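Dear colleague,

Please find below the structure that I am handing over to you. My findings follow it, arranged by region.

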Amino acid sequence: RGGDRGSRGRGGDNASEAQTHSEGKFVADGLQEGVYQIIIEAPNYARYQSQEIEVRHSTPAPDLTIALDPGIYVAGVVLDDRGEPIANAEVEMRTSTLEDGTQAGGNNSGGRTGDNRGRGFDFARMAQSWMRGRNGANLQLDARTDEDGLFVFTHVPPGVFQLTAKATGFTDKRGEPFQLDNNKSDFELLLQPLGSIVGTVTGFRAEELGQVSVGAVMLPENGGMPNMFGGRGGRGGSNSFKTGKVEADGSYRLEGLAMGNYVVRSWIGSTRQLMQQLGPDFITGNLVADVNVRGGKDAEWNMTLTRPLVGIVQGTVLHNGNNATGFSIELRKKETETTTNESGGRGWGGLSRMFGRNKNATVSASGEFSIKDVAAGLYELRISASRRGGVLLKEPLQVFGDDVLVRTYSLQTGSLKGTMTAEAGVDIKTIGGRVSVVPNQVVAPTENLGTWLRENGAFDARIRDGAFSFENVPGGSYLLVMQARNRAVTTQPVVVVGEEVVTVPVGAVVATPAANGNAPRGPGGGGQGGRRGGGGNRGGGNRRGR
């Protein structure tokens, strides 16, 4: 089993070579114990695939009598929207299920559900197709239409199938699944011609010509996010997103577009920068179509160049009077509104990563940093001693397009080192866990401690050999929270001014540790290496193997 997973008898690594046998007799010997299937292909007969056959050393060899079936005749015609035949169209006949008819969503669903077109892949349908292939039940037959648009499949075994037609300059057409038990010759597949958008672009300088791009994005019929990477459309990359270049006279032409409503833009820079601006409006449904594309026709749209609104954030960072070499700078986009996607999942706060990802930079040896191509908007700048360290400074920033925002920061931090004490007879070096220092707090909660630590900007360190160390902590008052493994949580107020040293007693042994504490974090400990509120174990869990 597993030897034949393809169509038309194409075998995998475990399939034996195809052989001919006189008088229709065959013997397969020298087989290892296991489960097998027999595949037979013969001229003028339907492809045969047996049920699973178990071969065991201790049982007699199966003696089979196989009757081949001449199969079923399938034929039809491929036409355009005017009823004219389309020659040389590709027609595919593939194994399917009757349930696919309700999932395919009609024409050109591209593997996506009809009710959720453009919103995501239909994973249930993909799983069904994968299982059919794994069970050796997939069959794919290919044909081309003649000058009269006719196609023919012969010697097809009974089953449930689905026809798909493709032709250059037309949208793909996927028919409904059908049960095939007898000859059928009345199939009619209608393909819609692709359209084009033509026009002119103004507002760019002659020296910018090679950098000017133009693009069209189809708006989904039922709202939601556009399908940027496939789905509706025909041959030659006719997806929902089409880009092209502008000629010297400002003219452009975008071909191979499926019928629908499109937003059209021209810009200089990367496509990602453009989508950072359009993304929020796509999600909220505020974008209005610029042009409607009809099959076989040119839709005209003239426009002015859109220059992406991006700026630069740069500056210097000093740490205790020296260049803050290696410190991490992060820009986090602050959202002004929250939306919920149509499936009830994550809102714009999650989807924004697709369009406006957080920006990062590292302070150089000269104490300088620079973050380019920052989409205009409101951000929070964060400075940390390392990518995984605690945040030493936060500041809101408003970034404007075509502008350079220069900032200078001077950070003053101290350090905190500590040792632990325990009851007599306990080797303190055998105790593990973590220590957190929480700014401007005096009491720790007895429940949901991990969440409280994250929400209050705690700095974290791991306990190693009975000691812990925080290398970079802003001056101020803190509550030290010790979570030693299998011991009660203890707290102690501390004040950090310079290089502080403290001694902390561990808590009493507990039979059942709290669910949110008393467990060491993932790697990255020592100093402030662990991730806040969970270290290497996101959310405070205990992910293994990291």
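Predicted model: local features only at pLDDT ≥ 70, side-chain atom pairs only at ≥ 80, totals over all residues.

Which backbone oxygen lies 2.8 Å from a polar atom of the side chain of Thr 145? It is the backbone oxygen of Ile 86, a polar contact in the sense of a pair of N or O atoms within 3.5 Å, where within protein one must be able to donate a hydrogen and the other to accept it, and where residues adjacent in sequence count only if both atoms are side-chain atoms.

Residues are numbered from 1 along each chain as its sequence is written, and side-chain values use heavy atoms, with hydrogens and water left out.

Overall composition

The protein chain has five helices and 35 strands; these are DSSP runs numbered from the N terminus, with helices being H or I of at least four residues and strands being E of at least two. Of its 546 residues, 44% are buried (under 20% relative accessible area; exposed is over 50% and partly exposed lies in between, with a 1.4 Å probe and protein chains only). Among contacts (heavy atoms within 4.5 Å) with a separation of 6 or more, 70% are between residues 24 or more positions apart.

The surroundings of Thr 145

Thr 145 is found in the loop between β7 and β8 (150-156). With a relative accessible area of 6%, Thr 145 is buried. Leaving aside neighbours within four places in sequence, the residues in contact with Thr 145 include Val 78, Ala 87, Val 91 and Phe 151. Val 91 is 54 residues away along the chain, and its C-alpha atom is separated from that of Thr 145 by 7.5 Å.

Strand β6 and its partners

Strand β6 (residues 90-95) runs antiparallel to strand β7 (residues 140-144), and five bridges join them; two strands pair if DSSP finds at least two bridges between them. Strand β6 is also joined to strand β9 (residues 159-166) by six bridges, again antiparallel. Arg 94 stands opposite Gln 140 in β7 and opposite Gln 162 in β9.

The loop between β9 and β10 (173-174) holds Gly 169. Gly 169 counts as partly exposed, at 32% relative accessibility. Not counting residues up to four places away in sequence, Gly 169 touches Pro 193 and Leu 194. Pro 193 is 24 residues from Gly 169 in sequence, with a C-alpha to C-alpha distance of 5.9 Å.

The whole structure contains three aromatic pairs (rings of Phe, Tyr and Trp, the last by its six-membered ring, with centres within 6.5 Å; planes under 30 degrees apart count as stacked, over 60 as edge-to-face and the rest as tilted). One of them joins Phe 151 and Phe 153, whose ring centres are 6.0 Å apart with planes at 65°, so the pair is edge-to-face. Phe 151 and Phe 153 are both buried. Another is formed by Phe 468 and Phe 470, with centres 6.1 Å apart and planes at 70°, and is therefore edge-to-face. Phe 468 and Phe 470 are likewise both buried.

The four-stranded sheet

An open sheet has the strand order β31-β30-β33-β34, with antiparallel pairing. Its edge strands, each pairing on one side only, are β31 (459-462) and β34 (490-496). Within the sheet, β30 (residues 433-439) and β33 (residues 476-484) pair over seven bridges, and Pro 439 stands opposite Tyr 478 in β33.

Thr 490 lies in strand β34 and is buried, with a relative accessible area of 18%. A polar atom of its side chain lies 3.4 Å from the backbone oxygen of Pro 505. Beyond neighbours within four places in sequence, Thr 490 is in contact with residues including Leu 480, Met 482 and Val 504.

Yours sincerely
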